Structure formats: structure tokens, C-alpha cells
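Please read these notes with the model open beside you.

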Amino acid sequence: MFVELVGISFFYFKSFPITKYLISLNFYSTAWYNLAWLFGSVIFVLYYIQKVLENNTNKWIVRVLNVMFLVIMLSHFLLYPNVFLKEHHPLYQFLGAFSILIACSIYFLEFVNSNKLLNAFSTFSFYALSALLIWWLIITPILFFNIYNTEADWDFANLKRRIFVFANIFMYSCFAIGLIISKPKINK
């Protein structure tokens, strides 16, 4: 609820001092807020995958991928602050999708080559990372057509909105099913 409240503050709470201050700093829209959540979520997912992996080489690859994502994103934020403040540049989404795709591929390759394959449906990581991978594969191609997301083309805007809603419902349903079905990992 807090996240959504902050996200809608630019539309409904323009008279609040904090919102006025952010607008005076050129934070005109919620693009920066969405990018902060995208940035944080990709960093968290890469960190989670790194912790789930067992092979040290794979952990190192995901760690390097995480650092590379972090450096590229922060350098782009610093070099082009107006892009960060005013628009949702496709680079961020594509870079996040590429990073998640590589990390999930490494996870699934390690998963297939281990004995955990027999217990695939009893691990939360399997459900969560499967859902995330499918979500990113569904959402990312929409950005190629983002130029049509205007008031002149309400059909595309409604289609995009529906795709996002159903992709989110699918992802969170997989998370819920994974939490219900999976067995907790017991450390010995």
C-alpha cells in the first residue's frame, strides 16, 4: 500500500510539501519511481538466484552479471539524469530482461544437471523463477511497440494494460502456488 501511495502522489497529492519539493527537482512523473522499482527488483532477483545456486562458478557468473547491471544502470542514471527523471527508457527494461534471462538460464541449467530435478515441484525457487522468466518474456516485447501507447491509439493502450494485468496475475499466482506447494528447506 505504501508503494502505491508514493506512486500515485504525483497525481492526487500535488499540494503536499514533499510532492511539491520533488516536482521542483524536476521529478515530473512516476517514471523515476517505476525505474527505481525495476532497478531494485532486478538487483534483488539476481541476488536471490546467486544465493539459490550451488555451483561456485555459476554463483560467480551471476555475481558479475549483477555488478555489470548495477554499473551500467547507475552510469546511465548519472550520465542521462533527464532520461531517468522524465521517461521510461527501453534500455532499462531490456537490460533487466537480459540479466534475468541469463541468470534464470544458469539456474535452470544447474537445476536440470542436479538431483533436484526429481523434486522440482516441491521447491519455491522453481515456481518463482519460472514465473519471473515467463513474466519478463511476456512483458519485454511490448516495449518494441511502446510508441503506439498514446491517446490516439486506445486499442493498443488497453491491450497493453490487459497484458500487464494478466501477466501480473499469472506471476503472483505462481508465487502463491509455489508458497503453498513447496516444502521448506531445512538446514542441517
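1. The second largest pocket is lined by 16 residues, and those nearest its centre are Lys-116, Thr-123, Phe-124, Ser-125 and Lys-185. Its volume is about 450 Å³. Helix H3 (31–52), H6 and helix H7 (124–139) are the elements that give two or more residues to this lining. Sorted by class, the lining has six nonpolar, five polar and five charged residues. Here Ala, Val, Leu, Ile, Met, Phe, Trp, Tyr, Cys and Pro count as nonpolar, Asp, Glu, Lys and Arg as charged, and the others, Gly among them, as polar.

2. Some background on the model and the terms. This is a predicted model, in which local features need pLDDT of at least 70 and side-chain atom pairs count only at pLDDT 80 or more, while totals for chains, interfaces and linings use all residues. Residues are numbered from 1 along each chain as its sequence is written, and side-chain values use heavy atoms, with hydrogens and water left out. A pocket is an open set of points on a 1 Å grid over the protein atoms alone, where a 1.4 Å probe fits, with protein on both sides within 12 Å along at least five of seven lines; lining residues have an atom within 4 Å of a point. The volume is the space filled by probe spheres set on the points, which are joined across faces, edges and corners.

3. Ser-125 lies in helix H7. Is Ser-125 buried or exposed? Ser-125 is buried, because its relative accessible area is 12% (buried means under 20%, exposed over 50%, partly exposed in between, with a 1.4 Å probe and protein chains only). Not counting residues up to four places away in sequence, Ser-125 touches Tyr-48, Val-52, Tyr-107 and Ser-130; contact means heavy atoms within 4.5 Å.

4. Ser-122 sits in the loop between H6 and H7. With a relative accessible area of 18%, Ser-122 is also buried. Apart from neighbours within four places in sequence, Ser-122 is in contact with Ser-182 and Lys-183. Ser-122 and Leu-179 are 57 residues apart in sequence, with C-alpha atoms 9.4 Å apart in space.

5. How do H7 and helix H8 (residues 154–181) pack, and at what angle? The angle is about 175°, and the axes are 8 Å apart. H7 is therefore roughly antiparallel to H8 (over 145 degrees; under 35 is roughly parallel, 65 to 115 roughly perpendicular and the rest oblique). Axes are lines fitted to C-alpha atoms, for helices over the stretch in contact, and angles run from 0 to 180 degrees between N-to-C directions. By class, this contact of H7 with H8 has 19 nonpolar, two polar and no charged residues.

6. Helix H4 (residues 56–79) and helix H6 (residues 90–112) have axes that come within 10 Å and cross at roughly 175°. H4 is therefore roughly antiparallel to H6. Their contact has 13 nonpolar, four polar and one charged residues. Among the residues of H4 that meet H6 are Phe-69 and His-76, and H6 residues in the contact include Tyr-92 and Glu-110.

7. Over the whole chain, the secondary structure comes to eight helices and zero strands; helices (H or I, at least four residues) and strands (E, at least two) are DSSP runs, numbered from the N terminus. Of the 188 residues, 37% count as buried.
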